[in-house]
Amino acid sequence: EHFPGKKEYVYPLAKLEDRFKNPDRVISLLENPDLGLLPEEMAGLLLKQYLITSRDEKIESYGITISTLYPDIIPLELAVHFYERKKISRAKEMFDIRIEHHPSPEAYYKRAQIAFDEKDWKTAAKYFHKGKKYSKESFNLKAQAYEAQKKISKAADAYEDYYKHTGKQQT
């Protein structure tokens with residue numbers, strides 16, 4: 001069915017279809033050009049459906065668009081999507097937006113991985129520290145980042161934390 005411009009029908013129906021786990025139906029409802037610019041909640045719902053259905057082109061173009069319109073609703077999965085597809089500068093941008101609006105240990109950890117891969121040791125150490133609740137491996141990688149900066153005392157402390165938190169023995 002097509003409800004041209006009838007937001008009062010389309011939005012509740014899209015939410016209902018989402019609850020029934022029918023992403024294709026949600027997409028067909030919200031992609032209706034008669035609706036114009038979607039409000040924040042509906043834009044987030046549409047992006048979620050693109051992510052669920054792995055529509056790469058839509059995820060990327062729409063994700064970039066709503067990251068500027070509604071940065072507060074950028075899901076972590078969008079940043080991960082770009083990271084997994086080796087679109088690193090875009091992944092960094094999305095992780096940074098996510099961290100600014102909804103900091104989480106996982107976002108910090110994954111952003112630290114990018115900094116580590118780019119040999120941006122200072123940023124890597126800072127974000128691994130903030131991501132330690134996501135993965136105990138943060139301690140090890142933070143230690144390596146300090147070591148690369150020749151900050152031996154901080155590296156030693158980080159390695160000590162790593163051994164303490166993982167139960168692994170020092171060698």
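I began with Glu31, which is partly exposed at a relative accessible area of 33% (buried means under 20%, exposed over 50%, partly exposed in between, with a 1.4 Å probe and protein chains only). This is a predicted model, where local features need pLDDT of at least 70, side-chain atom pairs count only at pLDDT 80 or more, and totals for chains, interfaces and linings use all residues. Residues are numbered from 1 along each chain as its sequence is written, and side-chain values use heavy atoms, leaving out hydrogens and water.

Next I looked up the partner of Glu31: Lys58 forms a salt bridge with Glu31, with the closest N and O atoms 3.1 Å apart (a side-chain nitrogen of Lys or Arg within 4 Å of a carboxyl oxygen of Asp or Glu). Lys58 sits in helix α4 (residues 56–69) and Glu31 in the loop between α2 (23–30) and α3, 27 residues apart; helices are DSSP runs of H or I, at least four residues, numbered from the N terminus.

I then checked Asp18 and Lys48, whose side chains meet in a salt bridge at 3.0 Å, N to O. Asp18 lies in α1 (residues 7–19) and Lys48 in α3 (residues 40–52), so the pair ties together parts 30 residues apart in sequence. Asp18 is buried at 18%, while Lys48 is partly exposed at 38%.

My count by this rule was twelve salt bridges.

Last, I turned to helix α8 (residues 121–130), where Thr123, Ala124, Ala125, Tyr127 and Phe128 are the buried residues. I found that their cover includes α6 (88–101), α7 (105–117) and α9 (137–148).

Note on methods
Helices (H or I, at least four residues) and strands (E, at least two) are DSSP runs, numbered from the N terminus. Contact means heavy atoms within 4.5 Å.
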